[in-house]
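Visitor: I have a structure here and would like to go through it step by step. Could you show it first?

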Amino acid sequence: MKAIVVTDQAEGRAGMKLVERPEPQASINDVVVQVYASGFVNTELGWPSTWTDRLDRNRTPSIPGHELAGVVTALGYGTTGLSVVQRVFGLTDWSRDGTLAEYAAVEARNLAPLPGDVDFTVGASLPISGLTAWQGLIVHGRLQAGQRVIAHGAAGAVGSMVTQLAREFGAYVIGTGRAADRQPALAFGANEFVDLDNEALEDVGEVDLVFDLIGGDIGKRSARLVRAGGTLVSIVGPSEARPVDGLAVDFVVESDRAQLGEIVQRVRDGRLRTNIGTVSPLDDAVTTFNPTERRPGKTIIRVRR
């Protein structure tokens, strides 16, 4: 099968190569998925799990990409809950070969059924962005209606999901980003927007929840805005500053079949819009992941039509 591999962490995305690899086999509780569309996160090549297994052994050449939508072609021994030819989508294990390939072996529990009226490209755009937003807001942030929420990076792939879900659950959302992100963030439902380059974040006043995708100085300043009993949720590692009288939570997104079902149903009924930017075929993936200019939205690799 065709697959994108990486072998040298120092080379980063420039070291990606399109090669021929053996098709994967389904282990116990696995399925093999014929990949129709795959997602990739730019920070993946900085994750230890891309380069070593759980015993810290080198596992290169490794296949990156951990989001997929496709069709089940084989079941491993003991696998239940899914069937051959079923359409699925989901989030694969960080320490195993990923989804930038024509086939991927995935633990069945990490996948959810993909309804027939949802395109594979849309399905592959949902797992990391949708689950990160859901878990940060609902599971870790304990969001309640009427609360004030800062959604950093509100025009990005994750931030736009945070904005939409927070609004659906009754929050007042303050989106942030660059000047060019204002209109997209407002279109995704932000009640107001702060241009972090030219406007003072502190002017928004106290909030109940900060969803931090940036960290650094912005994370420190955000912590000071969390009111008593509020929460700073981070996906960029432990916060360097904590709210004076609130919680600071950092987490790594996990696959969850029930949550994937909640997310895709919202896409089907129009409550949730994906933020897909560039869509490229697998043959062009290396070039796509080494752009010469900033590309908005989520990049998806269309592996099969």
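Visitor: Is Lys2 buried, exposed or partly exposed, and what is its relative accessible area?

Guide: This is a predicted model, in which local features need pLDDT of at least 70, side-chain atom pairs count only at pLDDT 80 or more, and totals for chains, interfaces and linings use all residues. Residues are numbered from 1 along each chain as its sequence is written, and side-chain values use heavy atoms, with hydrogens and water left out. Buried means under 20% relative accessible area, exposed over 50%, and partly exposed in between, with a 1.4 Å probe and protein chains only. Lys2 therefore counts as partly exposed, its relative accessible area being 30%.

Visitor: Which residue forms a salt bridge with Lys2?

Guide: A salt bridge is a side-chain nitrogen of Lys or Arg within 4 Å of a carboxyl oxygen of Asp or Glu. For Lys2, the closest N and O atoms of the pair are 3.1 Å apart. The partner of Lys2 is Asp283.

Visitor: How many residues apart in sequence are the parts that Asp283 and Lys2 tie together?

Guide: Helices (H or I, at least four residues) and strands (E, at least two) are DSSP runs, numbered from the N terminus. Lys2 is in strand β1 (residues 2-5), while Asp283 is in the loop between β14 (276-281) and α7 (285-288), so the parts they tie together are separated in sequence by 281 residues.

Visitor: Arg21 forms a salt bridge with Asp97; how many residues apart are they?

Guide: The closest N and O atoms of Arg21 and Asp97 are 3.3 Å apart. Arg21 is in the loop between β2 (17-20) and β3 (30-39), and Asp97 is in the loop between β5 (87-91) and β6 (103-107). The pair links distant parts of the chain, 76 residues apart.

Visitor: At what angle do the axes of α2 and α6 cross?

Guide: Axes are lines fitted to C-alpha atoms, for helices over the stretch in contact, and angles run from 0 to 180 degrees between N-to-C directions. Angles under 35 degrees count as roughly parallel, over 145 as roughly antiparallel, 65 to 115 as roughly perpendicular and the rest as oblique. The axes of α2 (residues 127-140) and α6 (residues 257-268) come within 10 Å and cross at roughly 110°. That makes the two helices roughly perpendicular.

Visitor: Which residues of α6 make the contact with α2?

Guide: Contact means heavy atoms within 4.5 Å. On the α2 side it is made by Pro127, Gly130, Leu131, Trp134, Gln135 and Val139. On the α6 side the residues are Gln259, Leu260, Glu262, Ile263 and Arg266.

Visitor: How many of the residues of α2 are buried?

Guide: Helix α2 is mostly covered. Among its buried residues are Pro127, Leu131 and Trp134.
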